[in-house]
Amino acid sequence: MRLQQQALIGRADLALTACRRDFVDDTGRRLVAGRGLRGLIGTHDRTAVARRIVRDGGNPVGEPGSVLFRREHFDAVGGFDGRLRFPMDLDLWLRLLDHGDFHGMADSLAAFRIRPGSLSGRAGRAEYAEQRSYTRRIGGVRAVDRAVSSVNAPASRLRRQGLFLLAGHYARQP
């Protein structure tokens with residue numbers, strides 16, 4: 001977080017910074033290193049981030065543990081929208097980007113715990129349908145971005161589900 005904090009302090013034009021993260025299991029065993037931010041390393045405006053989110057079909061920015069933003073922007077946008085469940089993070093990231101640019105850091109500075117029983121691990125059709133519905137409403141993207149999403153979204157979902165299966169496999173090992 002210190003590197004992300006320095007980036008925000010040093011650049012008043014930034015509203016949001018994120019880092020890559022390692023995915024770990026319940027014991028802290030690294031399952032995958034340095035994931036996330038595909039196409040988002042460096043500084044990008046809101047439109048570029050929105051296009052990447054739509055094209056990815058998942059959450060290319062990352063979970064709250066790998067993201068840092070300014071408190072005044074969080075307060076100005078009203079925080080997380082409790083009406084949303086699965087795309088709650090994406091919604092907040094995009095609203096924060098109304099206050100400045102995004103900066104993706106290539107370093108893996110955070111970890112995301114993969115647990116089969118977690119909200120993400122239990123995600124099923126309803127949660128993915130909510131995310132698809134949300135990404136369809138994101139403005140400022142082109143038709144080609146939405147077309148790419150129709151291919152990438154199922155692959156993104158399968159990659160994520162594969163990580164939870166892997167974590168479950170390691171959890172059953174002696």
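Visitor: Which residues of helix 4 are buried?
Guide: In this predicted model, the buried residues of helix 4 are D89, L90, D91, L92, W93, L94, R95 and L96. That makes eight of the nine residues in the helix, so helix 4 is described as mostly covered, with buried meaning under 20% relative accessible area.

Visitor: Why are R95 and D91 about one helical turn apart?
Guide: Because they sit four residues apart in helix 4. An α-helix has 3.6 residues a turn, so residues three or four places apart point the same way.

Visitor: How many salt bridges are there in the whole structure?
Guide: The search finds 10. One of them joins R71 to D75, also at 3.0 Å from N to O. R71 and D75 are four residues apart in helix 3, which means a separation of about one helical turn. R71 is exposed at 58% relative accessibility, and D75 is partly exposed at 45%.

Visitor: And D81, which residue does it bridge to?
Guide: D81 forms a salt bridge with R83, and their closest N and O atoms are 2.8 Å apart. D81 is buried, with a relative accessible area of 16%, whereas R83 is exposed at 72%.

Visitor: Which residues are linked in a network of salt bridges?
Guide: R51, R55 and D145 are linked that way.

Visitor: Back to W93. Buried or exposed?
Guide: W93 has 0% relative accessibility, so it counts as buried.

Visitor: How many aromatic pairs does the structure hold?
Guide: Five. In one, the rings of F69 and W93 have centres 6.1 Å apart and planes at 50°, so that pair is tilted. This pair links distant parts of the chain, with F69 in strand 4 and W93 in helix 4, 24 residues apart. F69 is partly exposed, at 25% relative accessibility.

Visitor: What about the rings of F80 and W93?
Guide: Their centres are 6.5 Å apart and their planes are at 65°, so this pair is edge-to-face. F80 lies in the loop between helix 3 and helix 4, 13 residues from W93. F80 counts as partly exposed at 34% relative accessibility. F69, F74, F80 and W93 form one aromatic cluster.

Visitor: Which residues touch the most other members of the largest nonpolar core?
Guide: V49, V61, W93, L94, F102 and I138, out of 23 residues in that core. Strand 1, helix 2, helix 3 and helix 4 each supply at least two residues. The largest share, five residues, comes from helix 4.

Visitor: What does V61 touch?
Guide: Leaving out residues up to four places away in sequence, V61 touches A18, R21, L37, L40, V49, I53, S66, V67, W93 and F102. There is also a second, separate core of five residues, and F23, L31, V32 and I114 are among them.

Visitor: Changing topic: how do strand 1 and strand 2 run?
Guide: They run antiparallel and are joined by three bridges. V24 has R30 in strand 2 as its bridge partner.

Visitor: What lies in the turn of that hairpin?
Guide: Five residues lie between the two strands, and G28 in the turn has a positive phi of about 90°.

Definitions and conventions:
Residues numbered from 1 in each chain as written. Predicted model: local features only at pLDDT ≥ 70, side-chain atom pairs only at ≥ 80, totals over all residues. Heavy atoms only, no water. Phe/Tyr/Trp six-rings, centres within 6.5 Å; stacked < 30°, edge-to-face > 60°. Buried < 20%, exposed > 50% of the residue type's maximum accessible area, 1.4 Å probe, protein only. Pairing = 2+ DSSP bridges. Core = buried A, V, L, I, M, F, W, Y, C linked by side-chain atoms within 4.5 Å. Contact = heavy atoms within 4.5 Å. Salt bridge = Lys/Arg side-chain N within 4 Å of Asp/Glu carboxyl O.
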